[in-house]
Amino acid sequence: MTEVQLFSTCLAEEFFPEVNDATATVLERLRLKVTPIRGAFCCGQVAFNEGMREEAVDLARRFLNSVEVGVPIVVPSGSCTSMLKIFYGDLLDGDPALAAKALAIRPWVFELSQFIVNVLKVKYLGARYERAVAYHPSCHLMRELGVRSEPMTLLSAVAGIKICELRDREECCGFGGMFSVKFPHISASMLDDKMARIRESGAEVVVANDCGCLMQIGGGLSRAGDKIEVRHLAEVLAAR
Amino acid sequence: MSEFPKADFFESSTAAVADHELRRKLESASARHLDHFAQVKAEFPPYDDERDAAHRIKTDAIAHLDELLIDLTSKLEERGCKVFFAEDAAQARDYIVALAQAKGAKNVVKGKSMTTEEIDLNDALAKAGIDAVETDLGEYIVQLRGERPSHIITPAIHLSKEDIGQLFTDKFGIEYTAEPEKLTAEARSRLRAIFLAADFGVTGVNFAIAETGTLILVENEGNGRLSSTMPETFVAVMGIEKVIPRLEDLSHFLEILARTATGQKLTTYTSFITGPRREGDLDGPAEMHVVILDNGRSAMLADPVLREALNCIRCGACLNVCPIYRRIGGHAYRSVYPGPIGSIVSPNLFGSAAGHLPFASTLCGACKDICPVKIDIPRILLHLRWKESTGKHPLKWPRAIERARRGARRFAKTARYPRTIRTLGKFAAMVLKPFAHNGYLRRMPGPFRNWTKYRDFPRPRPHKRPES
């Protein structure tokens, strides 16, 4: 394997450009040629989750036409990976040609930590990060993709890192895409608890694999005036 | 279709998240359930195999529901039961009320049953001048308060022992105590007298065995057993989805139901009811009726995605793990069935008035992980979101949310043109830059206003890496 396609995801492209840089850096250090998928901006999950299927199908078509089958597609997001790998099946069942393409790429789509640990069989990336870190596992990553231990495997191999225990870490941070603006009061209540757990963990940095969680947790910490930072896993793995 | 309360979910959930006392009660009760569950699950290695078996049997039963219901009906009739198929809640209510009137029933006792909540049976009986007393302790408590259950399994989960102590003082004039043993003893002695005078009993059904015509009741207090054996007339009310083929299938469900529901290995009482009293029997009702309720279930059956929700055995575990249920409690859902499974069932029972519920989820999937019959709840919620957004009568949303949805639609349409949206992204970044502090915006307009009500919004910073 010498080449991968990198899907930036809309949130990372617009709000967290360093996540894409870091993801590319990590992959390049593993001697892979990284080709960004420029022909698509969003996987369509926002529309799909709102029940707007037509719009979602258009975006799925766009995505599927922009990628090559047979070359791994690496995504720095558990949520977008679930959309591409799992929910495209439901979304596209009315369009046989698109459904066939979705099925064909399915085995080639990987979330970043899943790809590094399970496909490349690599744990140690030569990263150094001298901070106290709490890891927040994102919901789709855990429960749709079944990726539970991989991020921690990679974090544990980072030199200088101190990993803090995050209580109730598997509980959702309350982001949920449009949920966060449609039911902001419930979302904020979930966020409050997540932030309380983060504070008691003693971490200086919260790490997650999804920009959605980073937006939610980072936005909450900023509003509360907390000094705790949010970082994507890729940024920690790229640090030297 | 049953009536759905007018008050809306947005209002009720806003009030509920602000209620810290409610939160504390829900958190401690659901944590206790989940702790017990983790323990009994760890002690029972075959749990996952039993879960697979239950999923398989139930899926198969739902696929052959028509045949199984025919078998069940003929077995029930063979055993001397009268069977009535109710198309909707009103038919079920009318049948039971007319029967109670015909029997001259004065004291109706009810075992714990969500299906009778679904059909509003107590109100209908009250309107006919017949008193019905809930005899499950939790149900008894919420009935005394003039409330509905706020959880499928633990109806009074929203109340503390102090609340209950106060209720008993107010209602019965007894000295205040918050000791659970004393409160339970008080309720028990009152309920005992009611059971002894009961002439008409109603319960739900956990499983109905087609092969033998046996109805299974699973409970902890004996109220189901007493309600089904002491009165002269007994009515069991069940949804069409409760039927399973064989008696031997039952063990798989009994192995998982109590474990996920309450963290018990088995409930204290498991009653097998096969027809009314026969000659020589010492107890049991003289007459037994079985009301088999559709009320929107066959419409769910007709939908290949929704159908899976009929596998539900009403264990309530998805409520206990749901981060949203645990913050707003059952009453905020404004539906008999709250929580994740309720958000699937309610729109089918109550129509578009409950149509917002499938959207009130982050799709975190904790429910799907714990579900003993492996219902893919998030997937069904997504399916319902699509159904609610299309068709002749798409859902109406509050104005702020309608605006956010329009924003999402506009984004999705624009995102079809990556170059355009990237340019717009850069433009937005430029415009917003002067307003940002430490990388965040404190206030945002339009669709993002609801976001910045509670947290800061990250400043847009489109890609800077040179294209490779």
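Me: At what angle do helix H4 of chain A and helix H19 of chain B pack, and how far apart are their axes?

Reply: Two packed helices are described by the angle between their axes and the distance between the axes. In this predicted model, H4 (residues 53-66) of chain A and H19 (residues 399-414) of chain B pack at about 30°, with axes 9 Å apart. Axes are lines fitted to C-alpha atoms, for helices over the stretch in contact, and angles run from 0 to 180 degrees between N-to-C directions. Helices are DSSP runs (H or I, at least four residues) and strands likewise (E, at least two), numbered from the N terminus. Residues are numbered from 1 along each chain as its sequence is written, and chains are lettered from A in the order in which they are written. Local features need pLDDT of at least 70, side-chain atom pairs count only at pLDDT 80 or more, and totals for chains, interfaces and linings use all residues.

Me: Which residues of H4(A) and H19(B) meet?

Reply: Contact is defined by C-beta atoms, placed from the backbone, within 7 Å. Glu55(A), Ala56(A) and Leu59(A) of H4(A) meet Arg409(B), Ala412(B) and Lys413(B) of H19(B).

Me: How many helices and strands are in chain A?

Reply: Chain A has 13 helices and 8 strands. Its C-alpha atoms fill a box of roughly 50 × 45 × 25 Å along the principal axes.

Me: What share of contacts in chain A join residues at least 24 apart?

Reply: Counting contacts between residues at least 6 apart in sequence, 79% join residues at least 24 apart.

Me: What percentage of chain A counts as buried?

Reply: A residue is buried if 20 or more other C-beta atoms, placed from the backbone, lie within 10 Å of its own. Of the 240 residues of chain A, 62% are buried.

Conventions. Buried ≥ 20, exposed ≤ 12 C-beta atoms within 10 Å, placed from the backbone. Contact = placed C-beta atoms within 7 Å.
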